[in-house]
Amino acid sequence: MAGKRPTETAAWAALTAHHAAIKDRHLRQLFAEDPKRAETFSAEGAGIFLDYSKNRITAETLRLLLDLARERDVAGRRDAMFRGEKINATEKRAVLHVALRAPRGTRIAVDGQDVVPEVHAVLDRMGAFAREIRSGSWKGHTGKRIRNVINIGIGGSYLGPEMACLALREFTDKAMSFRFVSNVDGANFTAATDGLDPAETLFIISSKTFTTLETMTNAATARRWIVEGLDTEAAVAKHCVAVSTNTEGVTKFGIDPSRMFGFWDWVGGRYSMDSAIGLSSMIAIGPERFAEMLAGFHAMDEHFRTAPPERNLPLLMGLLTVWYNNFFGAETLGIMPYAAPLARFPAYLQQLQMESNGKHVDLDGNHVAWQTGPIIWGEPGTDGQHSFYQLIHQGTKLIPCDLIGFCEKLSPLAEQHDLLMANLFAQAEAFAFGKTADEFKAEGSPDFQTPFRVTEGNRPTNVILADRLEPRTLGSLVALYEHSVFTQGAVWAIDSFDQWGVELGKVLAGRIIPELAAKAAPTHGHDSSTNGLIARYRQRRGW
């Protein structure tokens, strides 16, 4: 279980004292004192380069953070995860997303059973089906080729595939369209199917239990859309497949169980984009490219498992998050990809981080006395530079940021890529060093303007670079953040792999749904605000 509380460790006490001693030191001073600082505070692994020199740290900070990782036994908990131990304590489950990308022949056991052959059996079935769709050998009910794929899911069964399909659009089959439905708002489904021919459309319904309210509501709508469009119930079997473990529910829906692709209870939804949940991604980029993405995931897994602590990218990033979250009191972390295809990456990381580490009790069930997960947010650069960067530069809040970029151009417009990357490097420099009043005055800035133009700097950033945004790189990048989240949770002594906080809203929604029906009796079973809102909604609907 949790054992000693993190705040009771010697390293935590040392970091508290150390923070008091260096918290006012400026990055200008730190760089002036060490001409090799950029070399000292950088590391590389699995195709990812991390420059963390523009953080408010010294060599002593790094030593103390690594001491904290040792005292919290991050490496021991990491190794337990890789061995298949049930480190998800509240659900008594293994946590084995690393098995989803383990090469054939690797042995990872859960309750004594090697799960890797099962993983590859599903991947093989997915690959065969993806080839049928991509080649046109799989035909819809009327004999037409499938040209549109719509993934229906929510949370992890939606965010990962959507993010990946957008990020890897360069590698997708351009003869096909890929769309995503998650929100129970009917407008989401209407927009996704707008202009599509049911005879050319395949729905992938992703729900482990095949009972998730939002997903199954949209699945029922998809079923009606197919039946009404093709005038027969028999069409469902040729236009719907399932990612689920509920054979009975899938069969009752009208899907052939041979077109059900399963996964396991040791795969959390927010860690599942490389499982059968990624079927839409595999159809989009092809099984071979999907395998490259899995190889990128695995490369970062191995880096996290074997790299020395001082060169271990996920460990370093996780510890830096702890440093700002717990010692500087920073409450958010900005994710700014300088790559338009990564537009959905911040949203993907929101769930990964905030559902994993948004916890208020430790592994022993005791209320924590320290901050846990930060709020994750962000938008692609350069868009953010013309909206919220103002607050980061001159606002009163400390907001650490990750700036992500790629050395190779993402389009034929090479000059624009140079401009894009110039902005990334410039923003990192401006965040770190700012510009003083004396510097503005030396340039002839009017005295009355100078206070308004000064940027203090000392805003910390990680700069993350890779050569090219391709499937392998995306896998490595996602795994980098997965293991950073793991590191934070291990330090904070929380269970990063359950999500009990999302249950209450679901239960209450289940109570309210029938109360909104036209013939329902007036309800008084809630607080005065909720009762009033329900009554107003019913009145405005004319009921």
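The model is predicted: local features need pLDDT of at least 70, side-chain atom pairs count only at pLDDT 80 or more, and totals for chains, interfaces and linings use all residues. Residues are numbered from 1 along each chain as its sequence is written, and side-chain values use heavy atoms, with hydrogens and water left out. Helices (H or I, at least four residues) and strands (E, at least two) are DSSP runs, numbered from the N terminus.

- Two strands pair if DSSP finds at least two bridges between them.
- Axes are lines fitted to C-alpha atoms, for helices over the stretch in contact, and angles run from 0 to 180 degrees between N-to-C directions.
- Strand 2 (residues 48-51) pairs with strand 13 in the antiparallel sense over 3 bridges. Phe 49 has Leu 465 in strand 13 as its bridge partner.

- 5 strands form an open sheet in the order 6-5-7-8-9, with parallel pairing.
- Strand 6 (177-181) and strand 9 (260-261) are the edge strands, and each pairs on one side only.
- Helix 8 (residues 186-193) packs on this sheet and touches strand 5 (148-152), strand 6 and strand 7 (201-206). The direction of helix 8 makes about 175° with that of strand 6. Contact means heavy atoms within 4.5 Å.
- Strand 8 (residues 240-243) and strand 9 run parallel and are joined by 2 bridges. Val 243 stands opposite Phe 261 in strand 9.

**Helix 6 against helix 13**

- Two packed helices are described by the angle between their axes and the distance between the axes.
- Helix 6 (residues 116-135) and helix 13 (residues 287-306) pack at about 140°, with axes 9 Å apart.
- The two helices, helix 6 and helix 13, are therefore oblique to each other. Angles under 35 degrees count as roughly parallel, over 145 as roughly antiparallel, 65 to 115 as roughly perpendicular and the rest as oblique.
- Helix 6 makes the contact through Leu 123, Met 126, Gly 127, Ala 130, Arg 131 and Arg 134, and helix 13 through Pro 287, Glu 288, Phe 290 and Leu 294.
- By class, the contact has 6 nonpolar, 1 polar and 3 charged residues. Ala, Val, Leu, Ile, Met, Phe, Trp, Tyr, Cys and Pro count as nonpolar, Asp, Glu, Lys and Arg as charged, and the others, Gly among them, as polar.
- Leu 294, in helix 13, is buried, with a relative accessible area of 9%. Buried means under 20% relative accessible area, exposed over 50%, and partly exposed in between (1.4 Å probe, protein chains only).
- Not counting residues up to four places away in sequence, Leu 294 touches Leu 100, Arg 101, Leu 123 and Asp 274.
- Leu 294 and Thr 473 are 179 residues apart in sequence, and their C-alpha atoms are 9.8 Å apart.

**Helix 15**

- The 13 residues of helix 15 (residues 345-357) should span 18 Å at 1.5 Å a residue, and its end C-alpha atoms are 18 Å apart, which agrees. The expected span is 1.5 Å times one less than the number of residues.
- 10 of the 13 residues of helix 15 are buried, so the helix is largely enclosed by the rest of the structure. Among them are Phe 345, Tyr 348, Leu 352 and Asn 357.
- The buried residues of helix 15 pack against helix 7 (156-167), strand 10 (332-337), strand 11 (375-377), strand 12 (401-406) and helix 20.

**Loop residues**

- Most residues other than glycine have a negative phi, and most peptide bonds are trans.
- Phe 210 is not a glycine but has a positive phi of about 60°. Phe 210 lies in the loop between strand 7 and helix 9 (213-230) and counts as buried at 6% relative accessibility.
- Ala 493, likewise not a glycine, has a positive phi of about 60°. Ala 493 is in the loop between helix 20 and helix 21 (503-512) and counts as buried at 4% relative accessibility.
- Gly 381 and Thr 382 are joined by a cis peptide bond, with omega about 10°. Thr 382 lies in the loop between strand 11 and helix 16 (389-394).
- Glu 470, in the loop between strand 13 (461-466) and helix 20 (471-492), counts as partly exposed at 26% relative accessibility.
- Leaving aside neighbours within four places in sequence, Glu 470 is in contact with Leu 168 and Phe 171. The C-alpha atoms of Glu 470 and Phe 171 are separated by 8.0 Å, although the residues are 299 apart along the chain.
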